[in-house]
Amino acid sequence: MKVTMSLIKADVGGLAGHSRVHPQLKDDAKLILEAAKGEEKIIDYHVTSVGDDLQLIITHKNGENSSYVHELAWKAFLKATETAKKLKLYGAGQDLLKDSFSGNLKGMGPGVAEFEIEERRSEPVVAFMMDKTEPGAFNLPIFKMFADPFNTPGLVIDPNMHEGFEFEIWDVIDHKKLFLKTPEEVYDILALIGSKSRYIIKRVYPGGAKNSKKEPVAVVSTDILHEIAGKYVGKDDPAALVRAQAGLPAMGEILEAFTFPHLVSGWMRGSHNGPLMPVSVQDATPSRFDGPPRVIGLGFQLAEGKLVGPADLLADKAFDGARLLANQIADYIRRNGPFEPHRLPEQEMEYTTLPQVQKKLQSRMVDL
Ligand code: F6R
Ligand code: MG
Ligand code: MG
């Protein structure tokens, strides 16, 4: 059976600054999605949040970019925005950039990660959602899951994974994409995706020639809000869907990629590098310096499109070490104050006064 899983997110208002989503906003979204489920227009849904982002996980049979499903999500965000405005939550409606819905969510503000797949005999899938960072934050963990044999021994010892995977990489500055194959092109892939604010892993496909019908095994949202709006309106906190097991990385290999709190850009004012901390849904509540950036992972089994779960996978004690390290890194890097590389380089800062300062001081600048 073909089923589409759509993970759609937006920040429509934060409780006490940019820390978390008010429960009433989640209830609003559930009401809208429950009605669609009642009319059998969607199969199932799960509503959650990470930081100030409201997350809608929807399963249905309408395929990718379905105007019905995107509009449904839009309506859920609008309803939650009404409540956010009433409660005067911070940044109410901040990610809804357009006044009316037109066809699909592209360019409208919300982030989307979705794929249409043939549901396998058993279909374990995990939805990862991050706050206070950007889509390129997924580059390192997705690479590790699907291309690093030190992370994923299945690449070496599972005959079904031995032929590697194919990476669809987007250049979000020049608006181009290309496909590169592992293991042959690993160095080319790394040469690109190390520049994580420009080259972003969009999808991963099985690599072997015998995989004739290529369905994505991972997909990442790549909606760059500041490009859409022409100005900064909030960090484009990303989300991703990853399928697991039976010829794909095992769930444990997928999760292993988050035991290292790598440095991502975002955090305070979208202008700082900081560690990505894996947390439970309950702990997905950025606080210190508006962070540190966080990731949650919800595991589901699909059953005829129904979402069995979730399993709050990154809540496990096994990630305590990563959390401790993340907090130590946060202590260390914070002490760099307004200096790079804690503060992002000039071109990547989401807020800056530098042009004004330069202008003000121009007349006092003398030749060396
Ligand atoms: C980061 C983020 C926050 C805000 C910060 C300042 O993505 O959303 O760190 O940038 O709290 O917000 P304003 O300028 O609205 O006071
Ligand atoms: Mg916010
Ligand atoms: Mg956010």
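Which residues coordinate the magnesium ion (ligand 2)? Hi everyone, let me walk you through that. What you see is a predicted model, where local features need pLDDT of at least 70, side-chain atom pairs count only at pLDDT 80 or more, and totals for chains, interfaces and linings use all residues. As for conventions, residues are numbered from 1 along each chain as its sequence is written, chains are lettered from A and ligands numbered from 1 in the order in which they are written, and side-chain values use heavy atoms, with hydrogens and water left out.

Now to the answer. The magnesium ion (ligand 2) is held by Asp-11 (OD), His-18 (ND1) and Asp-52 (OD), at 2.0 to 2.3 Å. A donor here is an N, O or S atom within 2.8 Å of the metal (3.2 Å for Na, K and Ca), and water is not among the atoms, so sites may look incomplete. Along the sequence, the spacing of these donor residues reads D-x6-H-x33-D.

Next, the magnesium ion (ligand 3). Its donors are Asp-52 (OD), Asp-53 (OD), Asp-131 (OD) and Asp-237 (OD), at 2.1 to 2.5 Å, spaced D-D-x77-D-x105-D in sequence.

Asp-52 is buried at 3%, Asp-53 is buried at 0%, and Asp-11 is buried at 2%. His-18, with 25% relative accessibility, counts as partly exposed.

Terms used:
Buried < 20%, exposed > 50% of the residue type's maximum accessible area, 1.4 Å probe, protein only.
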